[in-house]
Amino acid sequence: MGSRKKKKTTERRKDGTGMQRQGRSECRVVGTALRKVDATAKVTGATRFADDLSLPRMLYAKLLRSPHPHARIIVIDASKARALPGVKAVLTGTDLPIPFGILPVSQDEHALALDKVRFVGDPVAAVAATSEEIATAALDLIDVQYEPLRAFPDAIDAVEHPDPSIHDYADAGNIHKLIDLEFGDVDAGFREADLVREDLFFFEGNTHLPMEQHAAAADWSPGGRLTVWSSTQTPHYVHRALAKVLELPAARIRVIACPNGGGFGGKSDPFSHEIVVAKLAVLTGRPIKITLTREEVFYCHRGRHPTLMWVKTGVKKDGAITGMHFKSLLDGGGYGSYGVASTYYTGALQTVTYPIPRYKFQGARAFTNKPPCGPKRGHGTPQPRFALEVHLDKVAEQLGMDPAELRLRHLVPPNSLTANWLRVGTMGLGRCIEKVVAGSEWKRRFKKLPHGQGIGLACSSYITGAGLPIYWNAMPHSGVQLKCDRGGGVTVFCGSTEIGQGSDSILAMIVAEVLGIDPGHIAVVTGDTDLTPVDLGSYSSRVTLMTGNAAIQAAERARDLIAPHAARKLEVPAERIVFADGRVFDVEQPEHGLGFAEAVQLAEAAEGTVGTVGSYTPPRSAGRYRGSGVGPSPAYSYSACVALVDVDPATGIVRVPKIWIAHDVGRVINAASVMGQIEGSVYMGLGEALMEEMAYRGNRNVVHKIPSLLEYKSPTTLEMCDVVTYVVEDPDPNGPFGAKECGQGPLLPVPPAVANAVYDAVGVRIDEVPITPEKVFKALRRKDKGEEPRFGPTRFPEIPWPEPTRVPPPWEGGDGTAVEQSVGRTVARHA
Amino acid sequence: MPDAKAKIALDVNGEPIEVAFAPHKTLLEVLREDLGLTGTKHGCELGECGTCTVLIDGTPVLSCLVLGLACAGRRVKTVEGMADGGVLHPLQEAFAELGAAQCGYCTPAFLLTADALLAETPRPAREQIKEALAGNLCRCTGYLKIYEAVELAAARMRGENAKPARETLYGQP
């Protein structure tokens, strides 16, 4: 890239683990477009996904799911199913009575419903049989009597009707979680403003739609060891859930994460089917497998929360924000999942792009009778980012400012603290905006294209890994072990999970870089709780940064272990030893050296088996208030996007021919993977912008309208746009070789950029996604009639907000703690 | 009760074989369960996603919608039949090189669909590639690297010494 900085990055690094010792120019592997370590297996069909497993004497499992959105279970009679030839076991809720859930604060799921079902598709019973056909036939023989209860089809309904309660725990009625955080006096901010604007937005729920249906297999050895294979992004959390629910020692359970056929967050929870096959393996003493149908994958869901948002912002004439108040209401579905974290995330990252001196966030998550929502690519942040970026587009118009200029003038400075105490390190948003503005010829096109054509801009930021673990503990988030073979090969063991993002390759490239060997000489073993040290999982864009830093530490320790022995042999001081090009040599006379394998052999002869470990724990976050655990990250990535649209005023159909995207990735590790992640994010953002939605028949039993790949619209080759990608590098001291995330952030600016472009094209505001033709058409009709040229939500319901947690922003003093604890709360809290 | 098995003879990846299976089974099931060819994947088993695409007599078909019995005497090609011995097919090579396979789950189907396209159209325009691949869903790549890989492989299959463009792998300057 022509714009690459020439300066070395070494001097930017602080001491400690995971810091590179070589500048950019010395890198041989990092920054190149290396063929991924699993590429050949994937193009030959050799990769073994969970459903590709087959074990001798294997049984098949099927789940019976609820036909009711909300009902009490009166009685289950499985006697006929048990009597069917070929059926080996039937399970119901009472066989697995211990609750589980991904977050410690919401252990509200049962592998099979215990007394109540909470959505159409909630698992109720399970069958193990000698074939899938027999298992399916047995499901029809299980008689379940239900007492239907009033069902809640959406969040507003759940907020306004506390009875009957969906769960016996909640912050208020059917409101699962209530958050009220205040960072400074926003009303004072509004009084200082030249313009104060309020807007309402709605982001419809959508789902991950991985091409691979979830599958899991289990095997129980008579010696008392359980092995579970699963298409999971989080084997460590599955390991914990299995130990808890099955009441088995974790030391006797092995969880193997198979390569995931797409995850996007949808395989991050421990699931009913994983626990059920494990239990059935124990009960039957035979290996067993379950593969969900596509319809069932829609019921697993854990996708984007439908989110209603209200935002009020005060700005000066030059666009400087004086205060912001943001409210969100999330439709959580039937269970907690990651929802408490998702709710915090809808209010966390507004502050890391443009300075907000005073900020207030109120968030609520309602339980409803639909499949549970959870983390989908961008986890809780695409919704508020859509709201914020469209809102700012309107602000810019009112101020008579170019929206790109407004953003460029007001960027959060690098190495600063935000009002909510997030520590921003490197910040490349300005360069991202400049790239897409130049590339798209923004100034020539904005407000100047013919009617029906438009161009829109939006920006975003995302975390590079959550600063805190999901369950409180003081241990590392990522661990790596290295084994150096006397033949010169190196094996990297790490608990990370390959879901297509290229995490296995990152490990090989980083270790190859540090040890100066061919990445092809490195074997990678990942995602196996028996073999690999814990990595928390493939979520929150944490893997490259955290496993990368752990891998650097392990590889540097291997280098430190080997170097003295090479130095002794070469008769030079150890500090002059360099590892590169498969050799270990004297930096002052490069021809004087050894092969890497020979160096390992010298070390092994002197020290015994050559192996090292490395680990990574994120830096402590600055905030000390309740709720400060969501939002902190070792580094924030930044993206800017320009979308070009064609809108047909006669039909409301929106086509997106081209998108320009610039992403601040800190530092590229694998160039091809970075491009793939950015393009894939743009694709998924485009789908969310234009067509993807989890739609239910609210008046007809809250049944999912479209649990199929045909009816759930996602972009095909015919809808996908051209993408011009700019990779912006500004190495971050916390990242491995300076790398930040790139797998989620570039999704975020796409929906608001498209919405802003639609406005530029035809002058109507579509304040909700997906931006379907009927919404555009309705807004155009309103415009024609002289009404407000807009489609979007019109009210935000009354919510019983708690007393706010008041935390002074850094510039008002304090140390990140709340000045007064929440008092006078009227609603009971349960763990 | 399981059905009595039916037996057919067909050509799979250039080898004549005989296989016996329950007669209601789809080609997808026969390939994966009776022949152990798990390279062919499934995403819906309803003919909606294209993930189970294989070639029958050179034409892409959805193996989840074809009965195994209907394949007697036919020539079936799966992803396992693409490489020539230990040498990858140029499409496989290009997919690996450009990162056109991310999770890899839809990849076998894209490879075979593209294989059929290039057999008929050695120099496809971008629009022809999009048209040919419109029935295959991919959630990882946004299809762009797939188009570029098909174009790269097509050029190499025409005997050109093609290399990926720098912006394909590194982005625009």
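Leu181(A) has Thr805(A) as its bridge partner in strand β34 of chain A. Strands here are DSSP E runs of at least two residues and helices are H or I runs of at least four, numbered from the N terminus. This is a predicted model, in which local features need pLDDT of at least 70, side-chain atom pairs count only at pLDDT 80 or more, and totals for chains, interfaces and linings use all residues. Residues are numbered from 1 along each chain as its sequence is written, while chains are lettered from A and ligands numbered from 1 in the order in which they are written.

Two strands pair if DSSP finds at least two bridges between them.

| Partner of β7(A) | Residues | Sense | Bridges |
|---|---|---|---|
| β15(A) | 359-366 | antiparallel | 8 bridges |
| β34(A) | 805-806 | parallel | 2 bridges |

On the β15(A) side, Lys177(A) stands opposite Arg365(A).

Now for the whole chain. Chain A holds 19 helices and 34 strands. Its radius of gyration is 27 Å, close to the 28 Å of the globule rule for 831 residues, so chain A is as compact as a globular protein of that length (taken over C-alpha atoms; the rule is 2.2 Å times the number of residues to the power 0.38). The C-alpha trace spans about 85 × 75 × 55 Å along its principal axes. Of the 831 residues, 62% count as buried.

Definitions and conventions
Buried ≥ 20, exposed ≤ 12 C-beta atoms within 10 Å, placed from the backbone.
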